[in-house]
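Please work through each one with the coordinates open before reading its solution.

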Amino acid sequence: MRWLVGWSSAAVGQLPGVRADRTLHPVGARLLWDDPDPLWLVGDWRRDEVRIVHAENGSMARLAVLGHCAASDADLRVGLFAARGGALRHLTAWAGSYTCVLQIGRRITVLGDLAGARPVFHTRWERGTAYGTAALPLADLTEAALDVTYLAALLACPDSPEALGEGTPYAGVRRVPPGHALIMRDGVPEVSGYEPTASLAVAGTPAPAADPERAIAGIRDALVDAVRTRLAGPRFVPEPGEAPAPGVGADLSGGSASSTLALLAAGLPGMPGTMPGRGSAAGQRLLAVTFNDLATGTVRAREAELERARSMAADPRLRHVVVPGGPESLPYADLLDSGPLTDEPGPSLITAERHRRRLAAGGADHFVGHGARQVLDAHPARLADLLLDRRRRGLLRPVTALARADGPSGRSVLVPFTVYRAARRLARTSYRQGVEDAAARLMNRRFEEHGGALAASLAALTWCRPGPAARWLTGEALAEVSVRLQEAVARPGRTVERPGERRARAALARHAADHRVFEQAAAVRSQRLHAPFLDNQVVRACRELPETLRVQPGARATILRSVLAGAGIRELPPGWGANSHASTAVAVRAGLRSAVDDLLDLFEAPLLADAGLVEARVVRGALRAAADGEPVPVDGLTDLVATEVWLRRLLARRGSCWTGTEVPEQRAVAGGVRRLPL
């Protein structure tokens, strides 16, 4: 795991007990700049991932850019000059994915990204503020206890900012929201947004119609720049015997997102593979990796996806590798074996070994299509936005498509009217009332029945809703989350967006946080994962899409097909852009059935029950029902199992991220899990 950490201290001499000559420092750290406000890098950072520029006039002003950034050194100096005048957004406008740390005198500013894939955390420490890009080291520093209420909120309402707030699993460690910057002056923190947002106050006036062709051209340019930024970097060659291949690789699943990145990378000028002169001509091609799941039997959708991948891999600039996966690569396999400790729990813990097998066959720099669904697709709540903009005609095709989503039924004629009424109800419901309704549903244990795509879309037409794991939480845990929801809407000064925009931003933030867990859980040594759809410039470009285009059936595939056509790639196999969720769901069910005995043992005496979040017998019953094929929301069970596994790894951990004479005597979560002592 790679991370940066530093702190902003109160002015030396102003407060008692504050010293500049501390001996405390992170284990294995590289110092970027020194006291009184030091900054360190920890982990296997590459040389080209760390850049620092200083003001030319000799003043105390410097900018560190960490990650992959397309800006030249001259661009960074211009950005430093602009940021000194307050233009923080300028630092987020370059192609790539990176974190900026700006120091001007004793003022330190750390900028997170728009999606949340590069998070920033902070906590109060010794009358100052410690900050970092990982939460666990800050919890170690302050000997933080586990925030069980946050874990309850993460299980009950995982995609609701009202429930999660700015918290983390560690008490006192806060997360900077996406699109915000952490600004510290003499140790005093302030969180400020750098991205303008549309307010619900202007919902009565239709937004100006965006030009679809211009929006798609903007997405194309942003994606090409994002891919080119990665290809422009030095080719990394792992040490002999390490898993990833030298050069650049990409997922090629046969779906629209990963194949778009693979084809763009293969089509750009230059050598996407290894460095010139190393290896054969095959090594100079882009390494395209397809995972072939052999453990779930014959799945027609999966076979069609594999055939599409093979068709695209016929491109002479691609070198195709198919990675077979047997029963050992099913979700839930080898779950109880020790694995990497991530910052927080996430569903990727269940599938980490499955992903690691695929990624190990990839390149040292590897493209993944994560985030495309969240930045391009329309959240169902966007139907309410169309009503707020008085664009009822735009609802016709998406509502009809939802009516057909689960196939013909006896009441299919009434379904479009049901969807329309749900969208109209959301458009007429105030933000406060919507969140309070969700709080009441938690208190009264009213959850949606598990159903198909139509039921999920109808359930999503709300300001806030319980997650799939909420039904298995205890009444005490649900009550605590309900109180968090009510307190969130009672705070003054909140700017509320339209319901569709807000729900879409929340879904993107949740996915980006899960992507961060995925990076940590499935990490392959010496490999960098690149998710261009989560880059700032790509997210911004996608936000320019007109609502009427975004909500149409098959919008993502249509948009990406136009992106590829604009880049000169027009030959795509039949069925390109088809949904791959069916094969994924089959694999999850198969993995659960295969591992059900181990999972029942895991929940014989779970830590979640010691924390008061679940009752063991209830979860065990749900696991048995799911293994028997009953209609149980498996996503909710995945969240429960992942959280239980994460807790066990956290409490089995030994040691600290810090060393020195002032190192805390105890490690993180010193209080254990409520009644559970260390």
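**Exercise 1.** Which residue in E10 does tryptophan 7 stand opposite?

*Solution.* The model is predicted, and local features need pLDDT of at least 70, side-chain atom pairs count only at pLDDT 80 or more, and totals for chains, interfaces and linings use all residues. Residues are numbered from 1 along each chain as its sequence is written, and side-chain values use heavy atoms, with hydrogens and water left out.

Step 1. Helices (H or I, at least four residues) and strands (E, at least two) are DSSP runs numbered from the N terminus. Two strands pair if DSSP finds at least two bridges between them. E1 and strand E10 (residues 128-132) run antiparallel and are joined by four bridges.

Step 2. Within this pairing, the residue opposite tryptophan 7 is alanine 130.

Step 3. The surrounding sheet is open, has six strands in the order E3-E4-E1-E10-E9-E11, and pairs in the antiparallel sense. Strand E3 (29-33) and strand E11 (174-175) each have a single partner strand, so one side of each lacks a neighbour in the sheet.

Step 4. Helix H2 (residues 135-142) lies across E1, strand E9 (121-125) and E10, and runs at about 10° to E9. Such axes are lines fitted to C-alpha atoms, for helices over the stretch in contact, and angles run from 0 to 180 degrees between N-to-C directions.

**Exercise 2.** Describe the aromatic pair that tryptophan 7 and tryptophan 40 form.

*Solution.* Step 1. Rings of Phe, Tyr and Trp (its six-membered ring) pair if their centres lie within 6.5 Å; planes under 30 degrees apart count as stacked, over 60 as edge-to-face and the rest as tilted. The whole structure contains seven aromatic pairs by this search.

Step 1. For tryptophan 7 and tryptophan 40 the centres are 5.1 Å apart and the planes make 70°, an edge-to-face arrangement.

Step 2. Tryptophan 7 belongs to strand E1 (residues 3-8) and tryptophan 40 to strand E4 (residues 39-42); the pair links distant parts of the chain, 33 residues apart.

**Exercise 3.** Characterise the packing of H5 on H6 and of H5 on H19.

*Solution.* Step 1. Two packed helices are described by the angle between their axes and the distance between the axes. Angles under 35 degrees count as roughly parallel, over 145 as roughly antiparallel, 65 to 115 as roughly perpendicular and the rest as oblique.

Step 1. The axes of helix H5 (residues 212-231) and helix H6 (residues 256-267) come within 10 Å and cross at roughly 60°, which means that H5 is oblique to H6. Leu223, Val224, Val227 and Leu231 of H5 make the contact with Leu261, Leu264 and Ala265 of H6 (contact means heavy atoms within 4.5 Å). By class, this contact has seven nonpolar, no polar and no charged residues. Ala, Val, Leu, Ile, Met, Phe, Trp, Tyr, Cys and Pro count as nonpolar, Asp, Glu, Lys and Arg as charged, and the others, Gly among them, as polar.

Step 2. The axes of H5 and helix H19 (residues 555-566) come within 9 Å and cross at roughly 65°, so H5 is roughly perpendicular to H19. Ile216, Ile219, Arg220 and Leu223 in H5 meet Ile559, Leu560, Ser562, Val563 and Gly566 in H19. This contact divides into six nonpolar, two polar and one charged residues.

**Exercise 4.** Where does threonine 462 lie, and with which residues is threonine 462 in contact, leaving aside its neighbours within four places in sequence?

*Solution.* Step 1. Threonine 462 is in the loop between helix H14 (453-460) and helix H15 (475-490).

Step 1. With neighbours within four places in sequence left aside, threonine 462 is in contact with Leu426 and Arg503.

Step 2. The C-alpha atoms of threonine 462 and alanine 384 are separated by 9.4 Å, while the two residues are 78 residues apart along the chain.
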